[in-house]
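This report covers the sheet, the helices that go with it and the nonpolar cores. Please keep the sequence and the model at hand while reading.

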Amino acid sequence: MLQSTATAIPPQTPDTKLTFEEYSVYQGDPDLLYELEKGKPIPIPSPTILHERICEFLVYKFQRYLTAEQIPLVTKTNLGVRTEEASSRIPDVVVCTQDLWETIARRSGSGILDLEETPRLIIEVVSEDRRRDYVIKRAEYEQAGVPEYWIADAKKNKRRVRAFALMEGEEGYVQRDYEEGETIVSVQFPNLVLSVEEILNPPLVDELIRGEQSQLQQLQEELSEERQRTERLAAKLRELNLDPDTL
């Protein structure tokens, strides 16, 4: 949850209960993010390096995909999603409309999508509390009408991406597990090409960006060389009293 400059709620105790409105301006330990679960503020454990790499890679891939497909959606981290009257989560990755993002950006307090502001996709990377991702959050996202929910699990004896989707004619989420060697089939983003191997063993985004810049520079050099060849040919034609623009 993004910290606010609003008046702080008293420090958390084992019996602390907050309304959603209180949670939206709640300031506990400044080094921690908090989710709200049935009115109770729950600190989120610090992510591992692999956890962070997976999230960065997913954001990178979705941003490139959405741009290429000209889809007016945004991909964000640390964006809250209210799931119940007194529950709110901070998914690892959230894909929502640009309009929704700009709307909450103008609000005071924490950046949280409210109950009627449903994202298109939520992704959670499994941490130590596996039950919270697989059971509790799954039920909350389904109840909130989130159309697609992925769980990326890099645990050694699991290593899969479990995808849930709301399908026409079905009651509740339809589940499918994708193992290493498989490519995920997204209901919301059918043209997205993303493998389980890429997600669980992500390359450094910095290297991917450097590779893009190198390819762009090479393309620019090739275009410059082609332009110079064209200009030399045009000059030779003029020496022969031929107009290159009419040939």
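## Sheet, helices and cores

Strand 3 and strand 6 are paired antiparallel, with four bridges between them. The model is a predicted one. Within strand 6, Val94 is the bridge partner of Lys76. Val94 also stands opposite Ile122, which belongs to strand 8. Strand 6 and strand 8 run antiparallel and are joined by three bridges.

These pairings belong to an open sheet of six strands in the order 3-6-8-9-10-11, and its pairing is mixed. Strand 3 and strand 11 are the edge strands, each pairing on one side only. From one strand to the next, the twist averages 15°. The two pairings described above are set out below.

| Strands | Sense | Bridges |
|---|---|---|
| strand 3 and strand 6 | antiparallel | four bridges |
| strand 6 and strand 8 | antiparallel | three bridges |

How many of the five residues of strand 6 are buried? Four are, and the strand is mostly covered. Helix 3, residues 98–105, lies across strand 3 and strand 6. The helix runs at about 100° to strand 6.

Helix 2 covers residues 49–68. At 1.5 Å a residue, its 20 residues should span 28 Å, and the end C-alpha atoms are 29 Å apart, so the two values agree. Just after helix 2, Gln70 has a positive phi of about 55°. The buried residues of helix 2 are His51, Ile54, Cys55, Phe57, Leu58, Val59, Tyr60, Phe62, Tyr65 and Leu66.

The largest nonpolar core has 28 residues. Which residues have the most contacts inside this core? They are Phe62, Trp150, Phe189, Leu194 and Ile199. At least two core residues come from each of helix 2, strand 6 (93–97), strand 8 (121–125), strand 9 (148–153), strand 10 (160–166) and helix 5 (196–200). Helix 2 gives the most, with nine residues.

Terms used. Residues numbered from 1 in each chain as written. Predicted model: local features only at pLDDT ≥ 70, side-chain atom pairs only at ≥ 80, totals over all residues. Heavy atoms only, no water. Expected span 1.5 Å × (residues − 1). Buried < 20%, exposed > 50% of the residue type's maximum accessible area, 1.4 Å probe, protein only. Core = buried A, V, L, I, M, F, W, Y, C linked by side-chain atoms within 4.5 Å. Pairing = 2+ DSSP bridges. Axes fitted to C-alpha atoms, helices over the stretch in contact; angles between N-to-C directions. Contact = heavy atoms within 4.5 Å.
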